[in-house]
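Hello,

Here is the structure for you to open alongside this email. My notes follow below it.

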Amino acid sequence: MTPNTQPPRIKSLHVQNYETLKDITLEEITPLTVLLGPNGSGKSTVFDVFAFLAECFSDGLRKAWDRRGRFRELRSRDQDGSIVIELQYRERPGTPLITYHLAIVE
Ligand SMILES: Nc1ncnc2c1ncn2[C@@H]1O[C@H](COP(=O)(O)OP(=O)(O)OP(=O)(O)O)[C@@H](O)[C@H]1O
Ligand SMILES: [Mg+2]
C-alpha cells in the first residue's frame with residue numbers, strides 16, 4: 001500500500017468578531033488561494049486566525065488568548081457578540097466533511 005501523502009484540506013472558513021473580521025466567510029478555499037484587499041482590510045488577520053487556532057492546540061487557548069489581549073483587543077470594536085471561528089475540512093480527499101466550530105463568549 002502506498003503511503004497517503006495527501007494533507008488534510010480546509011474547504012471553508014467563517015469568522016465573526018475577530019478583530020477587523022466582523023463577519024466573513026471564505027467558501028471553496030482552493031490549494032492556492034489569494035487574498036486581495038486594501039491596507040487594513042484584514043488579510044493578515046485571516047492568517048492570524050489560523051495561527052490562533054494552531055496556538056490553541058500547541059500552547060492552549062488561554063495563552064493564545066492572553067497573547068492577543070483577550071476580548072478587549074481581539075473582539076471587533078463596537079461589537080459585543082461572541083468570537084466565532086468555524087472551519088470545514090476533510091482529512092483526505094473523498095472523506096466526509098468535518099466541521100470545527102469554536103465560539104468564545106465573555
Ligand atoms: N479589535 C479590532 N476591531 C476592529 N479592527 C481591528 C481590531 N484590531 C485590529 N483592527 C484593525 O485591523 C486592521 C489590520 O488588519 P490587517 O493587518 O489584517 O490588514 P491587511 O489587509 O493585512 O493590511 P496590509 O495590506 O496593510 O497588510 C487595522 O486597521 C486595525 O486597526
Ligand atoms: Mg497585512
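E19 counts as partly exposed, because it has 19 C-beta neighbours inside 10 Å. The cut-off for buried is 20 or more. Please keep in mind that this is a predicted model.

Where is E19 found? It sits in the loop between β1 and β2. The hairpin of these strands has two residues between them. The phi of E19 is near 50°, which is a positive value in a residue other than glycine.

**Overall layout**

The protein has three helices and four strands. Read from the N terminus, the order of elements is β-β-α-α-α-β-β. The C-alpha atoms fill a box of roughly 55 × 30 × 20 Å along the principal axes. Of the 106 residues in the protein, 10% are buried. Residues 24 or more positions apart account for 51% of them.

**The strands**

- β1 (residues 9–18) pairs with β2 (residues 21–26) in the antiparallel sense, over five bridges.
- β1 also pairs with β3 (residues 83–90), again antiparallel, over seven bridges.
- β3 pairs with β4 (residues 98–104) in the antiparallel sense, over seven bridges.

You can follow one row of residues across these strands. Start at T25 in β2, which stands opposite H14. H14 in turn has E86 of β3 as a bridge partner. E86 then stands opposite H101 in β4.

**The nonpolar core**

Which residues make up the largest nonpolar core? There are nine in all: L13, V15, Y18, L21, V49, F52, I83, I85 and L87. The elements that give two or more residues to this core are β1, α1 and β3. Leaving aside neighbours within four places in sequence, F52 is in contact with A64 and R68.

**Helix α1 and what follows**

How far apart are the end C-alpha atoms of α1? They are 23 Å apart. α1 is followed by G60. The phi of G60 is positive, near 105°.

**The ligand shell**

Ligand 1 is surrounded by 14 residues. The closest are T20, G40, K43, S44 and T45. Which element gives the most to this shell? Helix α1 (residues 43–58) does, with three residues. By class, the shell has nine polar residues and five charged ones. It has no nonpolar residues.

Two more positions deserve a look.

R70 lies in helix α3 (residues 70–74). Its phi is near 55°, a positive value in a residue other than glycine. R70 counts as partly exposed, because it has 13 C-beta neighbours inside 10 Å. The cut-off for exposed is 12 or fewer.

G81 is placed in the loop between α3 and β3. Is G81 buried or partly exposed? It is partly exposed, because 14 other C-beta atoms lie within 10 Å. Not counting residues up to four places away in sequence, G81 touches Q16 and N17. G81 and E106 are 25 residues apart in sequence. In space they are 8.5 Å apart, C-alpha to C-alpha.

**Where to start**

I would open the view on ligand 1, with T20, G40, K43, S44 and T45 among the residues around it. Then move to the row through H14, with T25 opposite in β2 and E86 as bridge partner in β3.

Best wishes

Terms used. Residues are numbered from 1 along each chain as its sequence is written. Chains are lettered from A and ligands numbered from 1 in the order in which they are written. This is a predicted model: local features need pLDDT of at least 70, side-chain atom pairs count only at pLDDT 80 or more; totals for chains, interfaces and linings use all residues. A residue is near a molecule or strand if its C-beta atom, placed from the backbone, lies within 6 Å of it. Ala, Val, Leu, Ile, Met, Phe, Trp, Tyr, Cys and Pro count as nonpolar, Asp, Glu, Lys and Arg as charged, and the others, Gly among them, as polar. Two residues are in contact if their C-beta atoms, placed from the backbone, lie within 7 Å. Two strands pair if DSSP finds at least two bridges between them. A nonpolar core is a set of buried Ala, Val, Leu, Ile, Met, Phe, Trp, Tyr and Cys residues joined through C-beta atoms within 7 Å. The expected span of a helix is 1.5 Å times one less than its number of residues.
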